[in-house]
Amino acid sequence: MAYIPPHKRHLADASSSSPTPDLLVPQFRKNLNLRSSGSHGDRRKEKQAWKEGKIIYADHSTSRWCVVGLTDDNQFPAYVVLEPTSLGSIERRTGEKPLTLVDIRRGKENSDMGGVISKSPWIYVAENVKQDLLSYFENVRNEMEFKKLKELKPSLVARFGKILFHGNPSAETEARKNLVTEAKLRQFKRLFYTNVPSSYRENIIDGVVPKIGVDFEEEKEVYQVKLSDLTSPDSTISCKCTVIQYEKKLELYKNIKYLMEIEVNQLRHLVVDVSCIDKNLDLRLMLYTKRILTSPTDDEKQSINSLISSAILDPDVKGGLRWPLGKKSSGDRYNVVGVWHTKAKSYTNSLVRLRVRDADRFDFRTSAGEVTREITLKMTGVVSQLRESKVEVESVSDKLKDTLKLVWDHFLSSACSFT
C-alpha cells in the first residue's frame, strides 16, 4: 500500500471539506470528522508560538483535531453542549474559564447512544491517521539515517485528558446559546489538558492494570532540570537526575547504555486530538522524537554538573529544587529555566508501556508552577513495527487498531469521571 509523503499533500483549511479518504466507508464520515487545525498561515503562527514556549514542532508536521460521535448528517447531537469548567491553572494562564464539550445526558437513566455513535470508533481513527503516521515516521527514519542520529528516540503515545476551548468571548456567547457546530468550535483556541483526577488514576492502577495484562516494570522518582543553551536558543536540555540520599544532593541519572541521561527537547511530528463526545475523557495521539546527548565535551559536562550539584532540595518550593543566589547559570552558556519533580510507576507488555505519573513542575521563565497527575500509554508495539527495515503496512494498521481498541475499552471509560 503506497502512501503520500507529507510535503506532497495539501491540508485543508478550516472552511474546506474533511480530508477523509474517499475509499473509507460512508459510516466513517458520519461518525468522525478529522481536519487540520487551521490554514497554513495559522499553523505557521501556532508552531512559532509553541516554539517560543519550548514545545517544538518539526518543520514538516501536522496538528489535527477529530470529533468522534457525530450524527448521521455530520452534526453534533443536541445533547452535547459547550459549558465552562473551573481549572485554576488554565484560568491563570488565559485569564478566562475554558469551555468543554459535555454530554448533558451522562449519569441519567437510560441514556444510551441511540445508534448515533459508531460501534468501532477506534477503527475509523486508526484508518484515518495511518497514512500520516507512516509518512511522518518515514521522515523520522530519514533524519536518523541522513544525520546518523543513532540516539534519536521516536515514540508514539496516547494521552488522556480534556480538550479545552478558549480565547473568543463573543463566540462563546453564541455557542452556548445555540447548538454546537464544528464551525463555531473552530473559532476558539484549543488546549489539551492532561491533569486527570485522582479517582481516574486510582481506577487505572487498581482496575485497568489487572485487566489488560501488563506487568509492573518499575517505580522511579527523578528530578528533571531544564537548561537553556545560549549557543542553541531554540533548544531546551533536559537533565534527568536522582538524589544521593546520604548527601541529600542531586546527581545526573545514569543507566547502562548512557553515561549521563541528557535529552535535547522533544520534537513533535504528528499530533491528533480526538474529542470523544460519548466518553468523559478525550484522547491525544502524538508522534515525537527525543535526542539523547551521548557525547558531551568535558567543558559541557563540567558546566552541567556544576548546575546540578549546586541545586538545593526543598520540598516547600514548587518543583522541589532551588538554587543559591547567582548559581542558576553556568558560565556564559547554560541557565536553569525549569524543574520537574516526578514520581512514576511503569507497567509493560509486548504491545504498550503504561506510565502513571505525578509531577510537580516550575518554570523559572514564567514563574508558574503546577502539580499534575498524568497517564501516558506508549504504543511500543506499533513503533516496533514501524522501525522494521521493511514496513508491513497491514501489520502496522492491525497493531494500531488493537492498541486503540485497548484505549477505547479501558482508558476513556465513562466510569472514570474527569470532573
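Which residue stands opposite Gln-224 in S8? In this predicted model, the residue opposite Gln-224 is Lys-240 of S8. Residues are numbered from 1 along each chain as its sequence is written, and side-chain values use heavy atoms, with hydrogens and water left out. Local features need pLDDT of at least 70 and side-chain atom pairs count only at pLDDT 80 or more, whereas totals for chains, interfaces and linings use all residues.

Helices (H or I, at least four residues) and strands (E, at least two) are DSSP runs numbered from the N terminus, and two strands pair if DSSP finds at least two bridges between them. Strand S7 (residues 215–229) pairs with strand S15 (residues 334–348) in the antiparallel sense over 14 bridges; within this pairing, Ser-228 has Asn-335 of S15 as its bridge partner. S7 also runs antiparallel to S8, to which 6 bridges join it, and a hairpin of 6 residues links S7 to S8.

Strand S8 (residues 236–244) in turn pairs with S9 in the antiparallel sense over 4 bridges, and Thr-242 has Glu-251 of S9 as its bridge partner. The hairpin of S8 and S9 has 4 residues between the strands, and Lys-248 there takes a positive phi near 55°. In a regular strand the side chains alternate between the two faces of the sheet.

A nonpolar core is a set of buried Ala, Val, Leu, Ile, Met, Phe, Trp, Tyr and Cys residues joined through side-chain atoms within 4.5 Å. The largest such core has 49 residues, of which Phe-160, Leu-283 and Phe-411 touch the most other members. Helix H4 (residues 121–146) contributes the largest share of this core, 8 residues. Another core, of 20 residues, lies apart from it and includes Cys-241, Leu-250, Leu-252 and Leu-307. Beyond four places in sequence, Phe-411 is in contact (heavy atoms within 4.5 Å) with residues including Phe-160, Tyr-200, Leu-281 and Leu-377.

The predictor's confidence in each residue, pLDDT (from 0 to 100), has a mean of 81 for the protein, and 77% of residues reach 70 or more. Confidence is highest in strand S16 (residues 353–363), at a mean of 97, and lowest in helix H1 (residues 26–31), at 36. Over residues 35–53 pLDDT stays under 50. Where pLDDT is low, the predicted coordinates should not be read in detail.

Conventions. Buried < 20%, exposed > 50% of the residue type's maximum accessible area, 1.4 Å probe, protein only.
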